[in-house]
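I want to see what sits where, and what holds on to what.

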Amino acid sequence: MNFIADKKVNTGRQKELDIAKALAIIFMIFCHAIVFASFSNISISPGFELILNQTVAIIAAPVFMFCMGIGIIFSRHNQYDLLIKRGVELLLIGYFVNIGEQIIPNVLGHMLNMSNTPITLLPLFKVDILIFAGVAFTLIGILKRFNISNEKMLILAIVFSIIGSFVCFVDFNNIFLNYFFGYFIGTILHQCTAFPLFNWFIFPVAGIFYGSYFIRVKDKSQFFKLWPVFLIIPLIFILCNLSPTPAGSISDNARAYFITTLDAIVCIILIHGLLGFCWNISKFLPDIPINGFTMLSKHVTGIYVAQWYFIPLFMTFIEYFYKGFVFTDSSITLISIFILVISTLAALLYSKYKPTK
């Protein structure tokens, strides 16, 4: 491939990566708003359901984790010990997210006489995407410590994925075992795990492998030459294989959370097409939206954390003060935009005033 150089060509921020990460967090907020709205009265159109609650829900998290893997290649802090340290930090942030996503809504629901679900701290340990990221970064750091090459790491990730494809929806008939093994394989969905390591490790590792070439691309027009094919064909595959589900259940649960190897490969192909699309539109977009995407990308972790505090609180108060309120396409859209804005402001404020290390 004559468009791949021997040395690093692309350094610093890449517009297509920033746009892809920004789109991922925007659509995640929409999907999470729909999930929480589904606990109340929700009436959304089939098109809205198809695009946001099914198709985008399958794509957003893989994009998020794939770009995180690429980020390891571009980062100056990708030594094994720093990756392990970052993994532990993400793990702790993931537990903090679970307080806002799992614990506070349940406590608030009891205080407002809106919930009869027993209050327990066990959901604190549910495996959401940042907890998975923490485990994945830690494992990547350990593998790098033993000089495991990117190629061997990718083979390991594929083996994990194949195992995870067949070992899912496991119930050990013991809640503590379900939570523990939920870090690695698919146990009870939603209650114990949503992003088990075996199913999802393939995305950051594929991102690392991809990034090792992407950072050396000297002609992106050649690299992304066939981006429409890489985008459209996988998208058609995903659309043709969607199963009808109620709002809030995010497509077929086995595909969206306990993702199979086939679907993971389809998503990875699609991500290349999406990056090509983002690179092409970046050439025509004015500076203002480009700067906006870059800002969202820089603070994507902070925004993700903040939205899991704002969405449950906002939805709970709407349900409490406006009993019988029906969430529609327009209300979900307005709420999602509002959550995006205040989550971004919260992330910016934290970034400005966070304690220095």
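This is a predicted model: local features need pLDDT of at least 70, side-chain atom pairs count only at pLDDT 80 or more; totals for chains, interfaces and linings use all residues.

Started with isoleucine 162, which I find in helix H5, residues 150-166. Isoleucine 162 comes out as partly exposed, at 40% relative accessibility. It belongs to a nonpolar surface patch of about 620 Å². I noted the other members of the patch as Ile155, Ile158, Val159, Ile163, Phe166 and Val167.

Next, the inside. The largest nonpolar core counts 109 residues, and Ile129, Leu197, Phe201 and Met315 have the most contacts inside it. Helix H2 (residues 46-74) is the top contributor to this core, giving 17 residues. Leaving out residues up to four places away in sequence, phenylalanine 201 touches Phe132, Ala136, Leu139, Ile140, Leu143, Ala157 and Phe160.

Then helix H1 (residues 15-37), where I looked up histidine 32. Is histidine 32 buried or exposed? Histidine 32 is buried, with a relative accessible area of 12%. Its contacts, again not counting residues up to four places away in sequence, are Tyr304, Gln307, Trp308 and Ile311.

On to charges. How many salt bridges does the structure hold? I get three.

- Arginine 13 pairs with aspartate 18, at 2.7 Å from N to O. The arginine 13 end is partly exposed at 43%, while aspartate 18 is buried at 5%.
- Glutamate 16 pairs with lysine 220, with the closest N and O atoms 2.6 Å apart. Since glutamate 16 is in helix H1 and lysine 220 in helix H9 (residues 220-223), this pair ties together parts 204 residues apart in sequence. Both ends are buried: glutamate 16 has a relative accessible area of 2%, and lysine 220 has 12%.
- Arginine 86 pairs with glutamate 89, at 3.5 Å from N to O. These two both lie in helix H3 (residues 80-111), three residues apart, or about one turn of the helix. Arginine 86 is partly exposed at 29%, and glutamate 89 is partly exposed at 24%.

I count zero disulfides. Cysteine 67 is buried, at 5% relative accessibility. Cysteine 168 has its closest cysteine sulfur in cysteine 192, 14 Å off, so that is too far for a bond as well. Cysteine 168 is partly exposed, at 21% relative accessibility.

Note on methods. Residues are numbered from 1 along each chain as its sequence is written. Side-chain values use heavy atoms; hydrogens and water are left out. A disulfide is a pair of cysteine sulfur atoms within 2.5 Å. Buried means under 20% relative accessible area, exposed over 50%, partly exposed in between (1.4 Å probe, protein chains only). Patches are made of residues with over 30% relative accessible area and no salt bridge: like charges are joined within 9 Å, nonpolar side chains (Val, Leu, Ile, Met, Phe, Trp, Tyr) within 5 Å. Accessible areas come from the Shrake-Rupley method with a 1.4 Å probe; for residues, only the protein chains shown count as cover. A salt bridge is a side-chain nitrogen of Lys or Arg within 4 Å of a carboxyl oxygen of Asp or Glu. Helices (H or I, at least four residues) and strands (E, at least two) are DSSP runs, numbered from the N terminus. A nonpolar core is a set of buried Ala, Val, Leu, Ile, Met, Phe, Trp, Tyr and Cys residues joined through side-chain atoms within 4.5 Å. Contact means heavy atoms within 4.5 Å.
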